[in-house]
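Take a moment with the model below.

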Amino acid sequence: MRHVVARDIMNKDVLQARDTMTVGELAAFLTDNEISGAPVTDETGRLVGVVSLSDVARVAVQVGGVAPDRSGPDFYLRGWEDAYNPEDLQRLRIKGEGMQVAEFMTRSVHSVGEEATLPEMASAMVKGHVHRLMVTQSGKVVGIVSTMDLLRVMAQAD
């Protein structure tokens, strides 16, 4: 297998959330971009945490739950047992939606440098029980590597 490093396989187009976003803004950001999570940066662009839809759900439960938007007729046309899509999630009103991302994000970030090798990335994922690693340079996110990225490289190996 050729020598592959994070820079070779990382996705450079990483959407980032700001630590000053509110829960409501974050929920809209994640659903609008059809992503389940994002790295969080401060005003200088420095990586300070990660956040996901699971964190939004945790906040909703901690502050009293999620309430469906009953203002339109769509609420009464379908059952709660149906699966939600992004449009459905946007119609939910989250109690405490003014809380900022910095208050509930995960501060523990699993990251590697651009020169991290495949074994180093795989080891970091296993040790951290994560499926994605932030690739950083001088404390700023320059890419992201997922388990799918690692598998793709392994599948292409001779």
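Leaving aside neighbours within four places in sequence, Ala-17 is in contact (heavy atoms within 4.5 Å) with Leu-26, Phe-29, Ala-38, Pro-39, Val-40, Thr-41 and Val-51. This is a predicted model: local features need pLDDT of at least 70, side-chain atom pairs count only at pLDDT 80 or more, and totals for chains, interfaces and linings use all residues. Residues are numbered from 1 along each chain as its sequence is written, and side-chain values use heavy atoms, with hydrogens and water left out.

Ala-17 also belongs to the largest nonpolar core, which has 16 residues. Such a core is a set of buried Ala, Val, Leu, Ile, Met, Phe, Trp, Tyr and Cys residues joined through side-chain atoms within 4.5 Å. Buried means under 20% relative accessible area (1.4 Å probe, protein chains only). Ala-17, Leu-26, Phe-29, Val-40, Val-51, Val-101 and Phe-104 touch the most other members. Two or more residues each come from α2 (23-32), β2 (37-41), β3 (47-52) and α3 (53-62). Helices (H or I, at least four residues) and strands (E, at least two) are DSSP runs, numbered from the N terminus. The most comes from α2, with five residues. A second, separate core has 14 residues, including Met-125 and Leu-133.

Now the sheet. Three strands form an open sheet in the order β6-β7-β8, with mixed pairing. Strands pair if DSSP finds at least two bridges between them. β6 (111-113) and β8 (140-146) stand at the edges with a single partner strand each, so one side of each lacks a neighbour in the sheet. Six bridges join β7 (residues 132-137) to β8, and these two run antiparallel. Gln-137 has Lys-140 in β8 as its bridge partner.

Terms used:
Buried means under 20% relative accessible area, exposed over 50%, partly exposed in between (1.4 Å probe, protein chains only).
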